[in-house]
Amino acid sequence: MGEHKLRIGIITHNFGEDAGIFVKDFTKELSKKTHTFVFHINSETKLGNLNPLNPLSILRVRDILESASIQAVRFVRDNKIDFIIAMWALPAGLIAESIKKKLATPYCVWALGSDINTYAKIPILKNMIKNALINADLRFANSMSLSQKIKILTKMPCNFLPAATTFDPKIGHKPVNLKKNTFNFLFVGRLEKVKGTDILIDAFNILRSTYLNSHLTIIGTGSMEKSLKARVKYLRLEKNVSFLGKKNHQEVINYMFFSDCLIIPSRSESLPLVLLEAAFANLPVIATDVGDCKRLIRKYKIGFVVSENSPVALAEIMEKALTANLKLFKVGLKKLSAEFSLNKSANLILNYIQSAK
């Protein structure tokens, strides 16, 4: 490589919110080490809101790809990009693949759980995602379980590369609207079926029959928001369950600092970013046995695992958290936050790219 400083191009459809928080933080970290440029796929349609089973949604994805690919080729040429990091497989990986065919620019794909667990289950998208991964010079996944799935799908190597965000402990000391002398459970995520918020509300209802001094705070929005609020009203839990809507990253961290336990009741996950954020906030975790959740929770001793994805099973674990000495999890939370740092991920991917070139 000589004296040449790599010119990295990041392609993403989400920059600065939800999973895009990580992309933004990662870009900032990477720019300290190399020349970094971002191609943000602009689209009025959010891919996360598309129904992958709807043919019209598939056509919309195709239109997004065709338009973005033309612009991305110009982006790579104008910025003299040496290597592309596609975040994530859909749509960025597919766009990076088309660029490589036109310009021979090498690329890697960093895959999320939704790439494989959701989109790759649709036949037409499965082949597109599979080809984008196979033709990539490097493959990464944000969890070990997802890495194994990609290895099986492509018959090629795939490295585990955790996503993390920057974290300033100082922002966690701003007061938030949580009741004192109350055990505060926290949920952070999209209000979609895959995230299991409906299971959580029913579990909390079971728990409340025994433990009155508890509260559930829900941060996030989604297609289930209206039905979830209706369920809370039906169960007469309005005083005990708060829907806060969308909050920025700093506000989320504030709530993590002042809550007692984070709950991840997902039906499907790889390695939720919110779990790592909880570790930085020193917040114990309850999670269903999906993706890497069980492995990390038990390895680092940072909380509890729900073996069965049901309201009754979750309520039982929530009761355990209510009666446990949560201070015992602090050592593991600190260790996890130290090992899964943004700086380490940036250095690791650069080392892989240098080796690939």
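Modeller: Let us begin with Asn 347, which counts as partly exposed because its relative accessibility is 30%. Please keep in mind throughout that the model is predicted.

Biologist: In which helix does Asn 347 lie, and how far apart are the C-alpha atoms of Asn 347 and Leu 30?

Modeller: Asn 347 belongs to helix α14. Along the chain, Asn 347 and Leu 30 are 317 residues apart.

Biologist: Is Lys 226 buried or exposed, and what is the distance in space from Lys 226 to His 215?

Modeller: Lys 226 is a residue of helix α8. Its relative accessible area is 73%, so Lys 226 is exposed. Lys 226 and His 215 are 11 residues apart in sequence, and their C-alpha to C-alpha distance is 20 Å.

Biologist: Where is Ser 307 placed, and how far is its C-alpha atom from that of Glu 319?

Modeller: Ser 307 sits in the loop between β12 (303-306) and α12 (311-323). With a relative accessible area of 69%, Ser 307 is exposed. Ser 307 and Glu 319 are 12 residues apart along the chain, and their C-alpha atoms are separated by 15 Å.

Biologist: Are helices α7 and α8 roughly parallel or roughly antiparallel to each other?

Modeller: The axes of α7 (residues 197-208) and α8 (residues 225-234) come within 10 Å and cross at roughly 10°. Angles under 35 degrees count as roughly parallel. The relation of α7 to α8 is therefore roughly parallel.

Biologist: Which residues of α8 meet α7, and how many residues of each class does the contact have?

Modeller: On the α7 side, the residues are Thr 197, Asp 198, Ile 201 and Asp 202. These meet Leu 228, Arg 231 and Val 232 in α8. By class, the contact of α7 with α8 has 3 nonpolar, 1 polar and 3 charged residues.

Biologist: How many aromatic pairs does a search of the whole structure find, and what is the geometry of the pair of Phe 22 and Phe 26?

Modeller: The search finds 11 aromatic pairs. In the pair of Phe 22 and Phe 26, the centres are 5.5 Å apart and the planes are at 40°, a tilted arrangement. Both residues lie in helix α1 (residues 20-30), 4 residues apart, about one turn of the helix. Phe 22 and Phe 26 are both buried.

Biologist: Why is the pair of Phe 140 and Tyr 352 called edge-to-face?

Modeller: The ring centres of Phe 140 and Tyr 352 are 5.3 Å apart. Planes over 60 degrees apart count as edge-to-face. The planes of Phe 140 and Tyr 352 are at 65°, so the pair is edge-to-face.

Biologist: Which elements does the pair of Phe 140 and Tyr 352 link, and is each residue buried or partly exposed?

Modeller: The pair links distant parts of the chain, 212 residues apart: Phe 140 is in strand β5 (residues 138-141), and Tyr 352 is in helix α14 (residues 342-356). At a relative accessible area of 0%, Phe 140 is buried. At 27%, Tyr 352 is partly exposed.

Biologist: Which residues do ring pairs link into a cluster with Phe 22?

Modeller: The tilted pair of Phe 22 and Phe 26 has already been described. Ring pairs link Phe 22 into a cluster with Phe 26, Trp 88 and Trp 110.

Biologist: How many salt bridges are counted, and what is the N to O distance between Glu 225 and Lys 229?

Modeller: The count comes to 9 salt bridges. Glu 225 and Lys 229 both lie in helix α8, 4 residues apart, about one turn of the helix. Glu 225 is buried at 19% relative accessibility, while Lys 229 is partly exposed at 38%. The N to O distance between their side chains is 3.1 Å.

Biologist: What is the distance in the salt bridge of Asp 289 and Lys 294, and which residues join Glu 29 in one network?

Modeller: Asp 289 is partly exposed at 37% relative accessibility, and Lys 294 is partly exposed at 30%. Their side chains meet in a salt bridge with an N to O distance of 3.8 Å. Through salt bridges that share partners, Glu 29 is joined into one network with Lys 32 and Lys 33.

Conventions. Residues numbered from 1 in each chain as written. Predicted model: local features only at pLDDT ≥ 70, side-chain atom pairs only at ≥ 80, totals over all residues. Heavy atoms only, no water. Axes fitted to C-alpha atoms, helices over the stretch in contact; angles between N-to-C directions. Helix = DSSP H or I, 4+ residues; strand = E, 2+ residues; numbered from the N terminus. Parallel < 35°, antiparallel > 145°, perpendicular 65-115°, else oblique. Contact = heavy atoms within 4.5 Å. Nonpolar A, V, L, I, M, F, W, Y, C, P; charged D, E, K, R; others polar. Phe/Tyr/Trp six-rings, centres within 6.5 Å; stacked < 30°, edge-to-face > 60°. Buried < 20%, exposed > 50% of the residue type's maximum accessible area, 1.4 Å probe, protein only. Salt bridge = Lys/Arg side-chain N within 4 Å of Asp/Glu carboxyl O.
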